[in-house]
2 protein chains.
Amino acid sequence: MSVSERKVQERAAREELILGHARGFLLRRGFQDWNMEQLAGAVNYAKGTLYLHFESKEDLCLAVATRALRERADLFERASRFTGKTRERVRAIGFACCEFACSHPDYFKVELMLKSASFWERATETRRQAHQMEGARCFRLVHEVVKEGMRAGDLPHDRMTSESVAFALIAVTVGSHIMSLEPAMKLVAGIDDPIRTVRQNQDLMCDGLGWRPLLADWDYSATDARIRREIFPTATWCDPVATAG
Amino acid sequence: MSVSERKVQERAAREELILGHARGFLLRRGFQDWNMEQLAGAVNYAKGTLYLHFESKEDLCLAVATRALRERADLFERASRFTGKTRERVRAIGFACCEFACSHPDYFKVELMLKSASFWERATETRRQAHQMEGARCFRLVHEVVKEGMRAGDLPHDRMTSESVAFALIAVTVGSHIMSLEPAMKLVAGIDDPIRTVRQNQDLMCDGLGWRPLLADWDYSATDARIRREIFPTATWCDPVATAG
DNA sequence: TCCGATATTGACCAATGGTCAATATCGGGG
DNA sequence: CCCCGATATTGACCATTGGTCAATATCGGA
């Protein structure tokens, strides 16, 4: 390996190191309750060195978020290789989403941060695009299954566009995750298991869309077991039972 | 009017003035892109005066958000006085939510800000409670209609608790609003009218919940017209047609 | 008009994101 | 093994800004 190759690799390794620590800071303390000096201390480099990798604190945090979003898209991709009825396949993606949420607790809080304030515009154009690309990947993977559902005749295609259907599924999922974050809401709505709630709401939306077989007409707990066995054998959460009904 | 009474009134008026300008700043520039000095200048007072009313910038912004949330709850309350079938009544609340979203563009962005970072803990306990109270009011108003729907037999009550149903409706609504904020998402999902999309998704969720009469079995465009006429005659948005189907 | 009380102010402080001249390290050639 | 130019790293420094409080202005009653 040449010297310059090694340098590149070392640089990449350091970037990983920084991102890893920044992720911990972000998840544990949000955006405000830590500063670049502290992060520099944690990775044993000077503050200036951080700025050799990232243009601003926001830029760095966006990079953290994008890395997580890429993992999410990767899980979606794995899930979309699941075979079966189209509604089973979209269910696998829903499963992937929950798998992700479990292994990245509070990720949605970080994602919310991105949408707020002047965050976006303080990041590099490159990183903005990278984030959008991973987001688009997630959408596309859902969208593909929706289109298959329509082609197969499992899902009505005369009322809504496939894009609107994908959007509805994503909206109910994200909305459920976000609302579950709030302790007060969990209390007032009597939510003990947020993940279960998310999946239940996904089921309701699929039924509302008329995606067959409807919840009542199929043993989706068996589907879940198969998803777990075939796609996510190392799933970090436990909910082998059907989610609603 | 005594001197002290006048003082109190003047103080309240000034607080309103500050909150009004802060609202403009927040909606137009987010949280970061303005400072307390600028806000003080805008209302023609010194910075220190702002801190006679609010403990911190976050405290001030939370107060702005709570004022908006109160308006939202007020609209929900008006809407819940609508008469008709229970699904028509919950539809009126959905209508109110959209009416609110239209008259408070970008409100959800502000609401997101509250959930993120160390925002919450930098505000006064009093203001935190005020916000939670208005949030709980919104939930309760939806919950009441859900319970009525169950009592009336319009909505199955054996599968889900009334709280879970209310949560599902709120989650799909908030999720749709939030996802609609993102320009990239609007583009990729082909959303031209965000409000129409929100209402459509609410319809889908109600159908999924089995809330009768289902969308296909009732002329909800007539209901919308009646809601508009009886409850929101001055509605600031225009969508007199049915939203799905 | 004067005085004590109250209200308002803006200079000041501390914290922190971001910069860059100074310094340390590296690696190849002699 | 040493030396030197190139490159990498550093942390003192700067500007901004949220927040404080002693100094000042205003008020209202006697």
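Through which surface do the copies meet, the same or a different one? Of the interface residues of chain B, 100% are also interface residues in chain A, so the copies meet through the same surface.

## Basis of the model

This is a predicted model, in which local features need pLDDT of at least 70 and side-chain atom pairs count only at pLDDT 80 or more, whereas totals for chains, interfaces and linings use all residues. Residues are numbered from 1 along each chain as its sequence is written, chains are lettered from A and ligands numbered from 1 in the order in which they are written, and side-chain values use heavy atoms, with hydrogens and water left out.

## Architecture of chain A

Chain A has 11 helices and 0 strands, where helices (H or I, at least four residues) and strands (E, at least two) are DSSP runs numbered from the N terminus. Its C-alpha trace spans about 60 × 45 × 35 Å along the principal axes.

Of the 245 residues of chain A, 55% count as buried, meaning under 20% relative accessible area with a 1.4 Å probe and protein chains only. Contacts (heavy atoms within 4.5 Å) between residues 24 or more positions apart account for 72% of those in chain A with a separation of 6 or more.

## Surface near DNA strand D

DNA strand D is surrounded by 15 residues, the closest being Thr49(A), Arg6(B), Asn35(B), Lys47(B) and Lys57(B); a residue is near the strand if one of its heavy atoms lies within 4 Å of it. Sugar and phosphate account for 68% of the atoms of DNA strand D that come within 4 Å of the protein. Helix H3 (47-53) of chain A, together with H1 (3-29) and H3 (47-53) of chain B, each supply at least two residues of this surface, and H3(A) gives the most, with 3 residues.

In the side chain of Lys47(B), by contrast, an N or O atom is 2.3 Å from a base oxygen of DNA strand D.

How values were computed. A polar contact is a pair of N or O atoms within 3.5 Å; within protein, one must be able to donate a hydrogen and the other to accept it, and residues adjacent in sequence count only if both atoms are side-chain atoms. Buried means under 20% relative accessible area, exposed over 50%, partly exposed in between (1.4 Å probe, protein chains only).
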